[in-house]
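Dear colleague,

Please find the structure below, together with its sequence.

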Amino acid sequence: MLSIRGQRVFTKAKQLTLRRYAQVALTGENEYTETPNYPQIQDMALQARKLRKRQAVYEKIKKIDTIEEKQIALNMPRYYGWPCIMLSDDRFPYSAMPLVQFYTRTHFKSIETLPTAYSETSELADSIVNEIKSQVEDCIVMENISIRRSDDDQLEESQKEDNVAKNIVRQINRIITNNAADKVPHILPSQVDYDPRHEAFWFMGGSNVPDNVVNWRKQYAPLKDRLYEPIDRPVQYKGTPFLTVRNHLPLKPFVPYSEATNPEFKVEKFSYFPESVGYTVEFRHGTNIPGFWPGDLDEFGLLSFHGRGHILNRKESYGLQDNLEALHCQAMVASFGWLLAQANYQGFTSYNDITYPLSTQTVITNGHFISLYAYQLNTITMNIDMIDKNMKHNICFGTAPMKLFETIENSQVKGLNQDVLKMLVQFYLNTPEAREHEMKPYLGKDIQVIADIEDDNRRCWLEDRYKHLVSNRPKHNLLPEVYLWEKIYKIKHKTRFFEAKRRPFELGVNPYKRRLDEHLPPYIPKALRPYPKARKKFETTYYPEV
């Protein structure tokens, strides 16, 4: 006879064997249907399976409730960060406009007057200009002549110009808001930020495959037919405007949302390497920050001011036309980056497109010349799965640089351009309005930011992890490096085959593909455990499951 232990093992094995053939009883009455209901036949090719896997990730990110967890989810595949193409608002290489238009999917339209949406505020703007023109002249004279800055000798010309322009912008903003606060209702509750932090992150498809990716694919026989298969290129924008104005309501669209698919707005494809234009690549985590943290009520940008001191650092051989295009590129990148970060705070990401347009107004000035731009964001999905399917484009209306005044003589401004000042005042008078549709369809109903989470441990852990992620501080273990002698003697020529293989590239390990959650959690000392013999030695982590 079997022992008691043997009977238990036999019974357990029998249960496991029978469980394979068990079926759930049908509870419904309609067991049969009139027409056959076959399961969908899926394409089992490698590319189709990869596409379904990516779409599953997109859907998981869409279903995450909070803004911060969505941002962590975007960075989950890379522990050391993404190799990001770095864009900024103060450096533009020669002939950068085709790249900027394609990477922001923006159609640029040059204008001499503001769009028709501003015609309603024309009379009010005229009256305000008559009241404030003398104050504007005084602030221009004050900043250009009456103030002596002790550190000017240590600064470059571009820095000096930006410092003067920043002070003039702050004074003009104070003058216009003080005068218009009692005339339009949205000025007083709006928030003004000085030198805010603007960052935006998205994935760009459609460009050529980098050489290092092609060389890596050549090592594996199954990939030889897919050497030039397109990949996503991460893009990171970083900018610091002089001043921004934001409100709890969004601006009205400048054109109907249906016009986003107009063929006239189509942007030419730019498939060349961004490094060939002059842009650089940096390993960092993707961050979306519109100048404030999630949970702020004033979450829609109305107006931003930027400097143009970088024009003085460009070579004379670039010419006036390329300098003008550089200003247009600055407006498109700055506007797109700011609105993209705002869209991420509404629950949208580079994988989940916006369902309504967002608008902003951008001013580029050095205190003497002013360029005005009106930008409408219609789409943010430009990854490899949507770059050819997405027919929507963003739209930017912009003017050439216009003189705010002619000159300063005998401590007086000569030839103040009231038409330019009127256009600037109309930017402030553009009233935001509430939308009739759902603004945050991809966020939770009760929990939209980490601060709404009731679990103290989860809330504090996610808050610390999110703030550490967006700070982009270096890891405890730095980014793995392949030394030059290794690249020559081990990778390219393979002359040290007798040495033990210990380095990651010798073992077939790609350290750059390490996931964000692939690390040891913090250790819990015995004195801090729930009870002395608790086996839980490490703290719980709350990474999103994507």
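This is a predicted model: local features need pLDDT of at least 70, side-chain atom pairs count only at pLDDT 80 or more; totals for chains, interfaces and linings use all residues.

Residues are numbered from 1 along each chain as its sequence is written, and side-chain values use heavy atoms, with hydrogens and water left out.

Helices here are DSSP runs of H or I with at least four residues, and strands are runs of E with at least two, numbered from the N terminus. Helix α6 (residues 157-180) and helix α10 (residues 418-429) cross at roughly 60°, and their axes come within 11 Å; axes are lines fitted to C-alpha atoms over the stretch in contact, and angles run from 0 to 180 degrees between N-to-C directions. The two helices are therefore oblique to each other (under 35 degrees is roughly parallel, over 145 roughly antiparallel, 65 to 115 roughly perpendicular, and the rest oblique). Contact means heavy atoms within 4.5 Å. Ile172, Asn173, Ile176, Thr177 and Ala180 of α6 meet Leu424, Val425, Tyr428 and Leu429 of α10.

Helix α3 (residues 67-74) packs against helix α11 (residues 456-471) at about 55°, with the axes 10 Å apart. That angle makes α3 oblique to α11. On α3, the contact is made by Glu68, Glu69, Gln71 and Ile72; on α11, by Arg458, Leu462, Tyr466 and Leu469.

Asparagine 313 lies in the loop between β9 (300-306) and α9 (319-345). Leaving aside residues up to four places away in sequence, asparagine 313 touches Glu156 and Ser158.

Yours sincerely
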